[in-house]
Amino acid sequence: MNDISQSIFELNHLDTLAEQNQWMNRRHPLVKLLLTLFYIILVVSFHKYDLMGLLAMMAYPLIVFNLSELSFRKSIYRLRYILPLVCIIGLVNPLFDKEMVLVMGLVLRGGIISMITLILKGIFTVLAVYLLIATTTIEKICGALRLLHMPKIMVTQIMLTYRYIFLLLREVERLTTSYQLRAPGQKGIHFKVWGSMVGMLLLRSIDRSEGVYNSMLLRGYDGNFNYVNRKMAMVQTDWIYLIFWLIILILLRIFPVIQLLSGFFLHLFG
Amino acid sequence: MNLLTFDHVSFQYENGLPILQDISLSVGPDESVGLIGANGAGKTTLMKMLPGLLLPNEGQVTVADIVVNKKNLSQARRKVGYVFQDSDSQLFMATAYDDVAFGPRNYGHTEEEVAERVLTAMEQCGCLHLKDKQIYKMSGGEKKLVSLATVMAMRPRCLLLDEPSVALDPRNRRNLISLLNSLPVAKLIASHDLDMIWDTCGRPILIDQGKIIADGDTKTILQDKELLEAHGLELPLRLFKE
Ligand SMILES: Nc1ncnc2c1ncn2[C@@H]1O[C@H](COP(=O)(O)OP(=O)(O)OP(=O)(O)O)[C@@H](O)[C@H]1O
Ligand SMILES: [Mg+2]
């Protein structure tokens with residue numbers, strides 16, 4: 001399998017994961033969406049030197065990973081292109097931040113700390129979003145967005161963009177295959193044809209997404225995702241799940257949980 | 001009563017070249033009509049006007065007595081099922097089941113009704129075994145059958161099929177023909193496959209450069225070698241054997 005087929009395969013796999021009938025997949029999409037947003041806001045709100053506080057936020061992705069019955073290893077592998085990007089953004093940070101700070105009794109260069117917190121914030125955000133889409137189909141996410149009164153046109157746009165990525169990748173696959181068949185023994189694609197390739201790609205995938213949009217319209221799509229929302233009702237478990245996490249997340253945000261816990265254990269054994 | 005009518009319809013794309021010129025025709029509620037013509041004759045364009053994917057510049061199109069215009073679009077669309085020439089445009093969900101279920105779900109059926117419709121439609125179209133298969137992993141012919149099922153699940157009054165036999169192997173092509181003949185709805189089938197038209201349609205309409213050239217019964221038109229050749233087509237293969 002070449003790189004492109006591999007990406008299509010993985011994206012498809014994400015769809016399949018989302019369609020499973022696991023406990024986590026059955027939670028109301030609005031609950032998962034709200035929690036994800038809330039979590040991201042909290043994570044981002046940590047001060048750039050508050051490494052210990054931020055570390056405690058790891059609890060959410062770790063626990064949700066377990067609840068979702070997703071393989072941690074495979075998920076990290078799937079995110080292998082995104083995570084390094086997040087890290088690169090963090091890496092330039094020490095160049096600008098030269099302050100000294102005290103963390104758990106150690107004096108450290110502020111730049112290093114803020115680099116780590118920045119990277120962690122990025123990773124946590126990516127993980128939270130990944131957990132949402134690996135357990136919730138795009139239709140359900142769109143349905144939840146409609147419940148939050150996001151305008152139809154924006155929701156449709158999100159849905160189509162998601163489908164568009166597939167179409168685009170498949171077009172890339174077709175084009176590169178037909179190119180490679182006619183340029184045997186050549187590695188990669190010669191830069192001279194890049195321009196026409198990209199143009200072709202755009203036109204063809206626009207054409208195709210128009211086709212898909214038409215096919216949706218002909219089958220009664222009106223931007224409302226009514227059928228998704230009709231099927232979903234908040235059950236008691238959803239409320240408990242939501243409230244549980246709201247409380248935990250707020251506690252983790254307000255109290256320096258890691259310091260408290262380590263103090264407690266020191267006291268116990270010391 | 002006529003199910004589909006074109007009344008002096010003309011159409012051009014934005015670039016201005018006239019594609020359809022003064023088309024008038026009608027299709028009855030139980031009729032199967034073949035739309036034949038060379039590449040670029042305007043078959044797809046004509047079909048796209050029925051569910052209002054394209055609206056006429058002049059004249060009027062009706063579906064089950066509903067005038068197809070901006071206002072009546074969603075009503076008119078419920079009456080016809082359109083199977084695209086290109087299955088990749090038709091299918092967009094992850095699995096076949098979800099794709100076939102998309103229409104019925106949008107029309108507000110309960111999940112039991114949806115399941116019933118989906119399974120019946122897939123059974124009818126001979127693709128029930130593909131139910132849980134990912135669309136991305138299907139062959140061209142399999143996608144065609146699933147496309148047909150997506151439309152049948154909506155139980156339309158009329159089927160519009162654009163090149164349905166393309167990408168099917170001989171066995172599936174034969175299955176499709178007997179399937180089409182068994183479906184109790186009106187059909188409009190655009191195709192170059194004149195043998196299939198011969199087997200499925202009682203009435204072919206020949207178009208060339210956006211005009212109706214001939215409209216009559218199958219035996220008369222499909223055996224008229226000169227007429228067909230003058231408009232870029234050939235006799236059905238079965239007639240060569242004799
Ligand atoms: N989006 C478009 N913009 C401009 N011209 C178009 C467009 N789509 C089709 N045409 C032109 O309209 C004419 C009729 O096209 P149409 O697709 O209806 O033919 P067809 O009979 O379905 O052909 P085929 O057998 O190849 O499918 C062609 O000359 C084509 O170039
Ligand atoms: Mg066509």
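**Labels and their cut-offs**

Author: Ser209(A) lies in helix α11 of chain A, residues 194–218. Helices (H or I, at least four residues) and strands (E, at least two) are DSSP runs, numbered from the N terminus. This is a predicted model, in which local features need pLDDT of at least 70, side-chain atom pairs count only at pLDDT 80 or more, and totals for chains, interfaces and linings use all residues. Residues are numbered from 1 along each chain as its sequence is written, chains are lettered from A and ligands numbered from 1 in the order in which they are written, and side-chain values use heavy atoms, without hydrogens and water.

Reader: Why is Ser209(A) called buried?

Author: Its relative accessibility is 18%. Buried means under 20% relative accessible area, exposed over 50%, partly exposed in between (1.4 Å probe, protein chains only). Therefore Ser209(A) counts as buried.

Reader: What is Ser209(A) in contact with, leaving aside its neighbours within four places in sequence?

Author: Tyr164(A) and Leu167(A). Contact means heavy atoms within 4.5 Å. The side chain of Ser209(A) also reaches the backbone oxygen of Ile206(A), at 3.0 Å. A polar contact is a pair of N or O atoms within 3.5 Å; within protein, one must be able to donate a hydrogen and the other to accept it, and residues adjacent in sequence count only if both atoms are side-chain atoms.

Reader: Which label does Thr36(A) get, buried or exposed?

Author: Buried, with a relative accessible area of 4%. Thr36(A) sits in helix α3 of chain A, residues 29–45. Beyond residues up to four places away in sequence, Thr36(A) touches Tyr60(A), Ala128(A), Val129(A) and Leu132(A).

Reader: What makes Phe65(A) and Phe72(A) an edge-to-face pair?

Author: Rings of Phe, Tyr and Trp (its six-membered ring) pair if their centres lie within 6.5 Å; planes under 30 degrees apart count as stacked, over 60 as edge-to-face and the rest as tilted. For Phe65(A) and Phe72(A), the centres are 4.8 Å apart and the planes form 75°. So the pair is edge-to-face. Phe65(A) counts as buried at 4% relative accessibility, whereas Phe72(A) counts as partly exposed at 40%.

Reader: What are the values for Phe92(B) and Phe102(B)?

Author: 4.9 Å centre to centre and 90° between the planes, again edge-to-face. Phe92(B) lies in the loop between α3 (87–90) and α4 (96–106) of chain B, and Phe102(B) in helix α4 of chain B, so the pair ties together parts ten residues apart in sequence. Both Phe92(B) and Phe102(B) are buried.

Reader: How do you know that Arg80(A) lies over the face of Tyr77(A)?

Author: Arg80(A) is 4.0 Å from the ring centre. A charge sits over a ring if NZ of Lys or CZ of Arg is within 6 Å of the ring centre and within 35 degrees of the ring normal. Arg253(A) lies likewise over the face of Phe46(A), at 4.2 Å from the ring centre.

Reader: Which residues have the most contacts inside the largest nonpolar core?

Author: Ile36(B), Cys127(B), Val146(B) and Leu159(B), in a core of 47 residues. A nonpolar core is a set of buried Ala, Val, Leu, Ile, Met, Phe, Trp, Tyr and Cys residues joined through side-chain atoms within 4.5 Å. Its largest share, six residues, comes from α6(B).

Reader: Which atom of Gln85(B) lies 3.1 Å from an oxygen atom of ligand 1?

Author: A polar side-chain atom. Tyr13(B) also has a polar side-chain atom there, 3.3 Å from a nitrogen atom of ligand 1.
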